[in-house]
Amino acid sequence: MTRVVIAPDSFKGTITAAEAAAGLADGWREVEPAADIVLRPMADGGEGTVAAFATVVPDAQWMPVTVDGPAGAPVETSWLLLPSTTDAPGGTGVVDIASTSGIELLDGLRPGDADTTGFGQAIAAALDHGVSRLILGIGSSASTDGGTGLLTALGARFLDADGEPVARGARGLADIVTAELGALRGAPDVRVLTDVTNPLTGPRGAAAVFGPQKGLTAPEDIARVDDALAHLAVLLPVDPELPGTGAAGGTGAALVRWGGVLAPGAAEVAALIDLVGAVRGADVVITGEGSYDGQSGDGKVPSFLAALAAEAGARPLLAAGRIAEDADTSLFAEAVSLTALAGSTTAALTDPARWLRVAGAALARTR
């Protein structure tokens with residue numbers, strides 16, 4: 001009997017990690033009904049991070065909260081309360097930027113105005129509840145505001161030359177003259193999960209690398225925001241060269257200033273759901289994500305799972321929504337694309353659950 005561990009990331013904007021894992025499992029069972037299948041939906045700090053914890057942590061509780069979304073409109077969302085432990089007697093709050101200030105919450109990109117206020121409001125709600133620890137996922141963000149919205153929701157004030165609060169989002173960054181941090185709420189034990197190591201500024205910084213994904217495309221605008229982030233680093237202060245400070249449009253830097261510790265998202269989630277224990281003794285490990293491309297080999301869920309499978313002597317397999325031309329699939333014994341199986345991107349996106357079942361069956365037949 002084959003032992004199969006299925007641990008995909010979410011397929012961003014189309015299907016959750018838990019649903020993707022279930023689809024792959026159903027497909028595998030069509031070929032091998034007796035297989036011993038273990039589901040461990042994964043995340044790396046982005047979309048699906050909270051859900052990954054909810055799936056595997058007994059007695060975890062969803063805590064509803066209404067926040068200002070990235071466009072300023074109210075968003076009904078939740079953070080997750082994990083049970084009390086000896087080192088976290090008040091419990092642990094898990095909050096992600098994707099469900100509070102994430103890009104998937106926008107109808108259209110807002111490069112100047114989107115901000116992280118909602119993320120900060122959800123964190124504040126967890127603090128009000130009395131949590132002793134926070135786990136914060138900062139992937140899939142919508143803005144390049146340097147985390148100023150987040151810090152404002154936690155008590156900071158960012159003022160212009162007239163002593164007035166600056167505009168939200170990247171638009172207001174260049175006007176900041178004073179950062180008042182005296183009323184900033186105290187931070188408990190804070191772990192910040194990120195899947196990138198980019199610094200805050202420069203050619204690999206938040207504005208240059210991730211700004212275009214959020215609609216910041218004009219070279220002069222990228223340069224202006226990069227300069228503003230460099231000035232913000234001086235005001236906070238925080239080292240703009242610290243790896244990970246450029247994550248989530250500079251939110252990584254803001255959280256470091258608040259007292260958070262940046263950590264590789266995939267590894268942290270894996271530890272908390274005991275993925276190593278699940279993979280031990282497995283014959284096959286299946287992972288996946290929506291778009292497997294040239295960036296997927298740098299700390300993302302698929303590359304992390306491939307390495308884990310290799311260490312355990314298991315056969316690593318990949319199912320992705322699409323596999324880009326620049327993607328390195330050499331980490332996997334087999335790799336299948338939902339787009340290729342469905343015949344088009346549109347077909348794959350229309351019914352991802354169906355094509356994940358097909359992918360699961362296809363991978364099972366490669367044994």
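**View 1. Lining of the largest pocket.** In this predicted model, 37 residues line the largest pocket, and those nearest its centre are Lys12, Ser140, Glu289, Ser291 and Lys300. Two or more lining residues come from each of helix H9 (247–258), strand E11 (284–292), strand E12 (315–323), helix H13 (338–342) and helix H14 (345–350). A pocket is an open set of points on a 1 Å grid over the protein atoms alone, where a 1.4 Å probe fits, with protein on both sides within 12 Å along at least five of seven lines, and lining residues have an atom within 4 Å of a point. Helices (H or I, at least four residues) and strands (E, at least two) are DSSP runs, numbered from the N terminus. The space in the largest pocket is about 930 Å³, a volume being the space filled by probe spheres set on the points, which are joined across faces, edges and corners.

**View 2. The second largest pocket.** About 260 Å³ of space lies here, and among the 19 lining residues, Glu47, Gly48, Ala51, Asp96 and Ser99 lie nearest the centre. Helix H2 (49–56), strand E4 (74–82) and helix H3 (98–101) each supply at least two residues of this lining.

**View 3. Thr339 in helix H13.** Thr339, found in helix H13, counts as buried because its relative accessibility is 18%, where buried means under 20% relative accessible area (1.4 Å probe, protein chains only). Not counting residues up to four places away in sequence, Thr339 touches Gly321, Arg322, Ser344, Thr345 and Ala348, contact meaning heavy atoms within 4.5 Å.

Residues are numbered from 1 along each chain as its sequence is written, and side-chain values use heavy atoms, with hydrogens and water left out. Local features need pLDDT of at least 70 and side-chain atom pairs count only at pLDDT 80 or more, whereas totals for chains, interfaces and linings use all residues.

Note on methods. Buried < 20%, exposed > 50% of the residue type's maximum accessible area, 1.4 Å probe, protein only.
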